[in-house]
Amino acid sequence: MSEIRDNILNCLDASSAPVSGDLLAQQLGVSRTGIWKHIQLLRKSGANIVAHSGQGYTLESEVFSSGLLRKRCTGKRIGNRIVILDETDSTNRDAMAEADQGADEGLVIFAHRQNAGKGRLGRRWHTVADSLACSVLLRPDLPPEQVPQLSLLTAVALHDALAHFSPAIRIKWPNDILHNSAKLAGILTEMRAEPGRVHAVVLGFGINLAAPIDGWPADITQKVTDLQSIAAGKISRLDLAASLLNALDYWYEIYLQQGFAPIHAAWWRAHAASGQHVRVHNGQAYIDGIAAALDDDGALLLETSSGTQRIIAGDLELR
């Protein structure tokens, strides 16, 4: 979206009364005809802008624009630049490409449609019509072995932003967000690094906002859910995105100032299986045990009949 159209939306969003075309033209430094053309383009993109005879324009519907989202972001770092794409292969791929070109920490990329979204272990992530696909670029001063902590941080932030819709929303090791055992959101963290030094980290996450009209994709085998069904009402994409980015910024600031301990404690409190009997498939076999603790690198410590086992990767099942 052009900067002028973003600014038109900002002006209309900020006013409870109609804003005249003359005032918009004066404030934005374009002709009255130019304002009219931009408003027609905004209407074509879905914005419900109503013209009031002799008074001006009002914005009567929510528009998911970078300008309106930036106004709702209150963090120090995350959201200083926001890009919203209609369609892309992968927001993680886009964010990493921006990192390679020198983009600053805090860049956020959303996409309405992803054609090649990825999940953990190389699995496909379906970006259904009503979902939120987002990637955030960070440049932390960390050794590569600590980057998994940022994936846990992202899970804590998503849990915080989503939990007010239902107390039954929980984290499941290693990085899923569930509601009553059904998957609501997933996280994928990727990085550029060399031995001893991280160049860039991309935090990617996808959230199901509403169930697809024609049903969930057939190759999704696990139980899934969506936020609209949980909340029993329509979700404001703009408010939710702002809430997620503000929560990420809040926990990232804590991480930078205080280290991993507060994130570790918050994660364990929000984990669906802390201290409970679970089984984990480690890629070769199922291991039964009690989810006893979370290690600082994100490994799950499982108390089994043969002693404590450290699980680095796998699929956890609640029992």
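Which orientation do α6 and α8 have to each other?

Guide: The model is predicted, so local features need pLDDT of at least 70 and side-chain atom pairs count only at pLDDT 80 or more, while totals for chains, interfaces and linings use all residues. Residues are numbered from 1 along each chain as its sequence is written, and side-chain values use heavy atoms, with hydrogens and water left out.

Helices α6 and α8 are oblique to each other. Angles under 35 degrees count as roughly parallel, over 145 as roughly antiparallel, 65 to 115 as roughly perpendicular, and the rest as oblique. Helix α6 spans residues 148-162 and helix α8 residues 237-258; their axes come within 8 Å and cross at roughly 135°. These axes are lines fitted to C-alpha atoms over the stretch in contact, with angles running from 0 to 180 degrees between N-to-C directions. Helices are DSSP runs (H or I, at least four residues), as are strands (E, at least two), numbered from the N terminus. The crossing is right-handed, that is, the near helix is turned clockwise from the far one by less than a right angle.

In the contact (heavy atoms within 4.5 Å), α6 contributes residues including L150, L153, V156 and L158, which meet a set in α8 including L244, L248, W251 and Y255. By class, this contact has 14 nonpolar, three polar and one charged residues. Here Ala, Val, Leu, Ile, Met, Phe, Trp, Tyr, Cys and Pro count as nonpolar, Asp, Glu, Lys and Arg as charged, and the others, Gly among them, as polar.

Charged side chains also pair elsewhere: the structure holds 18 salt bridges, each a side-chain nitrogen of Lys or Arg within 4 Å of a carboxyl oxygen of Asp or Glu. One network of them links D13, K71, R72 and D239.

R279 forms a salt bridge with E317, with the closest N and O atoms 2.8 Å apart. This pair links distant parts of the chain, since R279 lies in strand β10 (residues 277-281) and E317 in strand β14 (residues 315-318), 38 residues apart. R279 is partly exposed at 24% relative accessible area, as is E317 at 29%; buried means under 20%, exposed over 50%, and partly exposed in between (1.4 Å probe, protein chains only).

D176 and K172 meet in another salt bridge, at 4.0 Å from N to O. D176 counts as buried at 7%, and K172 counts as buried at 13%.
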